[in-house]
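Here are my notes for when you have the model open.

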Amino acid sequence: MTDYRRLRVALLGAGAVGSQVASLLLRHGDELADRAGAHLELAGIAVRDVDAPRDVDLPRELFTTDAETLITGADIVIELMGGIEPARSHILLGLGSGADVVTANKALLATHGPEIFDAAGRVGASVYYEAAAAGAIPIIRPLRDSLAGDRVVRIMGIVNGTTNYILDRMDGEGADFADVLADAQRLGYAEADPTADVEGYDAAQKAAILASLAFHTAVPLDAVHREGITTVTADMIEEAREAGFVIKLLAVCERLGNGGDESISVRVYPALVPRDHPLGAVHGANNAVFVEAEAAGSLMFYGAGAGGVQTASAVLGDVVSAARRHIAGGTGVGESTRANLPVVSIGHVLTRYQITLEVSDEAGVLAAIAGLLSEGGVSVATLVQTVIPAEDGAGGDTARLIIGTHRATDSALSAAVDRLAASDAVERVVSVLRVEGE
Ligand code: NAP
């Protein structure tokens, strides 16, 4: 056995991810040592309850409730407790004690990232967080290292497995949101309280992390525009299918403008994606991140976005990086915020809407609608009209219009939808969706 140096690893948390990380650390010690150039000794595991049942068998003597003592004796701290406190204080304590840190905590990084990266920078340590966005999929390292010499233009990601599972089943079965959500909860794909997933909060945290890294800018969570999927109906999915689209909850991080006039947009919403786009083919609870860079072109990263053992794989990769850095010493790799680009509000984003309306099937209605759209500079690119005959067969039919607009600012498009909703020519605005990935 190679006579490597020993590094003490403190593991905070032994839940779905932490227990698998401990198991892999103990089982794959020799392979990890050869990759890291150090023996990674699991010094202890901090939990709330040392006697709680675990997903895997782990030596009882490793468990402790004294996280602070464990942290201050460690070379590497792996934070897998989740939440803000005490995770934040523990990470700061670890950095202050000379450790490098690995975390999967997207909620913490999206809200306290700058504080944590500053603390790491002050002591010359590094914070690794591959598992905080898109689980097992390598996306942080490609953005930080592989594409370091390129310029990322756009990231479009399906970064929440629960919502992709729900939308994919609605698409495959024609089922309603509420029915699929209930089934997803029964099968363990959705939490008892699904708010973080279905309202887009989880995806927004990941979008903030990806955009911050890709655009050398600290993106605060409240600058991320967020809409969830609770308003998506079976009818909207069917209409999307007929028009060659699929509805996906997307996290979009985009560079706008150029030269000295650059800004970025970071947004999460359900959008129409062409069925033949790589993101259109992402099924079940899988995640995928589509990256467009100036030199590299289009890249697609695909795989499991969550799951204990899958996420543990990403964590272990980070542990190896942390170990190498710890041995090499010197200044850690900090987070760059050198560009510090302004994050524009959704109203400034150029996009395309698909608007479905129900109108009375009468002469002059189409002209009235085109007039309402063009008032705000919005023009019609495509129009599909279907007549829905009145049930009594006595005339007074309704027409369903599916209007695809040309690109316009989101504020102009949403104002146009408001005018349509208020107009006598329109009986009902059935749905409004943005189109991405064309
Ligand atoms: P989890 O199953 O809820 O486990 C949390 C662990 O942390 C438990 O072992 C718990 O101890 C311990 N813990 C919590 N609060 C503590 C405290 N105050 N003091 C000491 N120990 C404490 O969480 P998880 O699913 O493994 O997730 C961990 C992290 O990974 C989170 O940041 C999550 O967002 C992230 N992540 C998870 C996944 C996934 O698929 N699960 C995917 C990507 C990222 P007890 O066991 O004693 O209660």
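1. Ala-322 sits in helix H12 (helices are DSSP runs of H or I with at least four residues, strands are E runs of at least two, both numbered from the N terminus). With a relative accessible area of 0%, Ala-322 is buried; buried means under 20%, exposed over 50% and partly exposed in between, with a 1.4 Å probe and protein chains only. Leaving aside neighbours within four places in sequence, Ala-322 is in contact (heavy atoms within 4.5 Å) with Ile-76, Asp-100, Val-102 and Tyr-128. The C-alpha atoms of Ala-322 and Asp-100 are 6.0 Å apart, although 222 residues separate the two along the chain.

2. A word on the basis: this is a predicted model, where local features need pLDDT of at least 70, side-chain atom pairs count only at pLDDT 80 or more, and totals for chains, interfaces and linings use all residues. Residues are numbered from 1 along each chain as its sequence is written, and side-chain values use heavy atoms, with hydrogens and water left out.

3. Ser-321 is in helix H12 too, which covers residues 308–328. Ser-321 counts as buried because its relative accessibility is 15%. Not counting residues up to four places away in sequence, Ser-321 touches Tyr-128 and Arg-141.

4. On to the ligand: 21 residues surround it, and the closest are Ala-14, Val-17, Asp-49, Arg-54 and Gly-307 (a residue is near if one of its heavy atoms lies within 4 Å). Polar contacts (N or O pairs within 3.5 Å) come from the backbone here: a backbone N or O atom of Ala-14 lies 2.8 Å from a ligand oxygen, one of Arg-48 lies 3.0 Å from a ligand oxygen, and a polar backbone atom of Asp-49 is 2.8 Å from a ligand oxygen. Taken alone the ligand exposes 900 Å², and the protein buries 75% of that (Shrake-Rupley areas, 1.4 Å probe).

5. How many aromatic pairs does a search of the whole structure find? There are 2, where ring centres must lie within 6.5 Å, and planes under 30 degrees apart count as stacked, over 60 as edge-to-face and the rest as tilted. Phe-117 and Tyr-129 form a tilted pair, 5.6 Å centre to centre with 50 degrees between the planes, and both residues are buried. The rings of Tyr-165 and Tyr-189 have centres 4.0 Å apart and planes at 15 degrees, so this pair is stacked. Tyr-165 counts as buried at 9% relative accessibility, while Tyr-189 is partly exposed at 39%.

Notes: A polar contact is a pair of N or O atoms within 3.5 Å; within protein, one must be able to donate a hydrogen and the other to accept it, and residues adjacent in sequence count only if both atoms are side-chain atoms. Rings of Phe, Tyr and Trp (its six-membered ring) pair if their centres lie within 6.5 Å; planes under 30 degrees apart count as stacked, over 60 as edge-to-face and the rest as tilted.
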